[in-house]
Amino acid sequence: MRAKLSYALTAAVLVVYFVLVGSRGVMLIQSGTVLTVTFGVAVLILPVIGVWFLWKNTQFVHRANRLAAELDAEGGLPVDELKRTPSGRIDRDSADEVFARRKAETEAAPDDWRTWFRLAVAYHDARDTPRARKAMQQAITLHRTSRQQAAH
């Protein structure tokens with residue numbers, strides 16, 4: 001719940017920022033000179049890119065959460081079996097061990113979105129965020145494909 005609240009707060013702050021920047025871009029365009037119109041258009045591009053990025057990221061989080069809920073209902077969420085240091089940080093060797101198992105599971109069943117989901121969690125635990133996102137995106141794609149095939 002705390003993560004959702006943080007995400008919502010961050011998104012709200014970004015939207016306010018986009019509105020402020022966008023209004024400045026409109027003001028520059030309304031000035032009417034070639035230079036201010038050019039700058040105004042350039043300034044408007046930033047909020048458009050920001051809104052697009054925020055939208056895509058929100059979709060990703062929403063889809064990943066739906067997969068987590070479905071996997072939880074099946075009883076297939078990965079169990080936190082990681083060893084931790086006295087300070088609470090994940091032990092690197094423990095994360096590597098779990099990651100190796102998850103990778104082997106995914107290689108054995110590459111078309112199963114569940115294995116990709118668990119691999120994404122293992123990447124996240126190993127602090128490899130780019131690969132965690134790619135693995136989660138693969139899980140989302142496979143889940144969508146399996147639902148489409150089931151509907152036909």
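In the predicted model, the side chains of arginine 102 and glutamate 105 are joined by a polar contact of 3.3 Å. Arginine 102 belongs to helix H3, which spans residues 92-108, and, because its relative accessibility is 9%, this arginine counts as buried. When neighbours within four places in sequence are left aside, the residues in contact with arginine 102 are Pro78, Val79, Glu81, Arg118, Leu119 and Ala122.

Leu119, one of the residues in contact with arginine 102, also takes part in the contact between helices H4 and H5. Two packed helices are described by the angle between their axes and the distance between the axes. The axes of H4 and H5 come within 8 Å and cross at roughly 165°, so that H4 is roughly antiparallel to H5, and the crossing in which H4 passes H5 is left-handed. On the H4 side, the contact is made by Trp113, Trp116, Phe117, Leu119, Ala120, Tyr123 and His124, and on the H5 side by Arg131, Ala132, Ala135, Met136, Gln138, Ala139, Leu142, His143 and Ser146. Sorted by class, the residues of this contact comprise 11 nonpolar, four polar and one charged.

The loop between helix H4 (113-125) and helix H5 (129-151) contains arginine 127, whose phi is near 65°, a positive value in a residue other than glycine. Most residues other than glycine have a negative phi. Arginine 127 has a relative accessibility of 49% and therefore counts as partly exposed, whereas arginine 102, at 9%, counts as buried.

How values were computed: Residues numbered from 1 in each chain as written. Predicted model: local features only at pLDDT ≥ 70, side-chain atom pairs only at ≥ 80, totals over all residues. Heavy atoms only, no water. Helix = DSSP H or I, 4+ residues; strand = E, 2+ residues; numbered from the N terminus. Buried < 20%, exposed > 50% of the residue type's maximum accessible area, 1.4 Å probe, protein only. Axes fitted to C-alpha atoms, helices over the stretch in contact; angles between N-to-C directions. Parallel < 35°, antiparallel > 145°, perpendicular 65-115°, else oblique. Left-handed = near helix turned anticlockwise from the far one by under 90°. Contact = heavy atoms within 4.5 Å. Nonpolar A, V, L, I, M, F, W, Y, C, P; charged D, E, K, R; others polar. Polar contact = N/O pair within 3.5 Å; in protein donor to acceptor, adjacent residues only side chain to side chain.
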